Every structure is written in structure tokens, then in C-alpha cells.
Amino acid sequence: MTPELAEGDLVQLVDNKGRRYQGVLTPGKEFHFHSGIIGHDELIGVQEGSQVRSSRNQAFLVLRPTLSEFILKMPRGAQVIYPKDLGPILMLADIGPGMAVLESGVGSGALSMAMLRCGARITGYEIREDFANRAQANVERFLGHDAMSRYAVELRDCYEGIDRPGPEEFFDRVVLDLPEPWQVVPHAAEALRPGGIICAYTPSIMQVTRMREALGEHGFFAAETVEVLNRSWYVEGAAVRPDHRMVAHTGFLTHARRGASTLGE
């Protein structure tokens, strides 16, 4: 990726109050703000990180958004998994290049994007067509058309079963963002390879309890549940202290590994 912005790039404009505005650079189009207008043509060919000014002389910093920034601004229907949990999920589920991942509850595609950027191949199950369409549009907008070759979303209910990738193939990972993930555990026990990982995001501790019980009943081992808290700090000269507000509870992350005995080996 070059430092110069080009037609078709997703860009983010940041004003002096830290407000962020995003769009895809398209010749002839314009960004409209209370503080003036910036034409897309003015940004094409400009180096990322440059300062530009609107028609009313308001300064903006122009950048390509990070994945975290895009997720917080992208079109959504379902509530997304926030960046503070996406990173830990990638580590707890050990998502890597070429892995076959079953994701259920794709929502607006935030988790899909994080896993695709790690090089995974994702089969998504989603019961709502509008969510499936939005997730695919968001993925293509941020990661580009090439990523879609590793992303297949099916209109299916994961509670009713999981089809393996092939007759002799298994999924490497199952990642869930569903109200009742314990209903998927018996299917995951048949669709995951031995040693494969299941990971579930659940807002309620009662959901965690049901999930942990199901994991124990279906031969999964090394189960663990964690919660991630995110506290930023105020640093301004000699004034150094924790911020008054923090992102505390969003959800619990439960992960476990599939034992070979679940398929009778």
C-alpha cells in the first residue's frame, strides 16, 4: 500500500476535536461538514497523514482508517463485538492463515473482518439475510474484493447443525456470537477436528454457565472464561491519571479444545 491516497481508497478525515468522518474516494464527490466542503479530487494523490483544509479553512487530518476505527463507524444492524474483545478472541481462538473457521452470528461483520485479516477461511452462518448482506458489504468495503474469496456466508441456523467443509475435512475453529451457544456445542463436537478450538462471546454470566456445562458434557477440555476490561489514561503534562470513564463489561469470552474421544477415536 502506497502512502499516496488513490481513487477507491477508504479514507478518514479527523477534525481538531477528534471527530472522524469516513468515505470512499470517488472522483467528483465531496465531503460536506458544518465547517465547509472538501472535494474527493483534492485528496486523491495526497499523502496519508497530510493536513487538508475545507472550503471554510477548517483543518482536517486525512488517513486510511484502522480496522478498529472502521468497525466503530461502519454501517451496522446487529450490535458489533468491540475492538477490545476482537483482539483477545483472535488469540484465544488462535486464528491463523489458512484455517477453516465456522463463524455463526456474523452480525455486521466485525469479527469476520478481524479473522479474515489473519488469513483465515470463513464459513458464516447467519439467520437474517439483511445482516448477512451487510456483513459481506462491510467486509468487501474494508478488506477489498480479494478477501471475499475466503468468505462465504450462508443463511442457516447453527442450532440445527454444522456441515463440515468436506467429506474428509473438519473445521479448525468454531467461533460463536449467539444467544444460546451451548446449543451449538454438540454440532461443534462433530465438525471440529481433534484439538480444534471453540470460542463463544456471551454478554451474560448465565450464558457462560450453560456453555461451560455443555462443553464438559461433549468432551471438550481446557475450558476457560475471561473478561476484558479497557481503561485509558489521561496524560497531559504533569497531569497523569486514569480517565474518569472506561469500557468495562461488554461480554465474556469462553474457549475450549475438542478432544479426540468426541468422535470415538
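How many bridges join strand 1 to strand 2, and in which sense do the two run? Five bridges join strand 1 (residues 10–14) to strand 2, and the two run antiparallel; strands, like helices, are DSSP runs numbered from the N terminus (E, at least two residues, for a strand; H or I, at least four, for a helix), and two strands pair if DSSP finds at least two bridges between them.

## Basis of the model

This is a predicted model, in which local features need pLDDT of at least 70 and side-chain atom pairs count only at pLDDT 80 or more, while totals for chains, interfaces and linings use all residues. Residues are numbered from 1 along each chain as its sequence is written, and side-chain values use heavy atoms, with hydrogens and water left out.

A second open sheet has seven strands in the order 9-8-7-10-11-15-12, with mixed pairing. Because strand 9 (151–155) and strand 12 (220–227) stand at the edges with a single partner strand each, one side of each is left without a neighbour in the sheet. Within this sheet, strand 11 (residues 192–202) and strand 15 (residues 252–258) pair in the antiparallel sense over six bridges, and Cys-199 has His-255 in strand 15 as its bridge partner.

Helix 7 (residues 205–217) packs on the sheet and touches strands 10, 11, 12 and 15, its direction making about 5° with that of strand 15; contact means heavy atoms within 4.5 Å, and angles run from 0 to 180 degrees between N-to-C directions of lines fitted to C-alpha atoms, for helices over the stretch in contact. Helix 4 (residues 110–117) lies across strands 7, 8, 9 and 10, running at about 170° to strand 7.

## A hairpin

Strand 13 (residues 233–236) and strand 14 (residues 239–242) run antiparallel and are joined by four bridges, with Trp-233 partnered by Pro-242. The two strands form a hairpin with two residues between them, and Gly-237 in the turn has a positive phi of about 65°.
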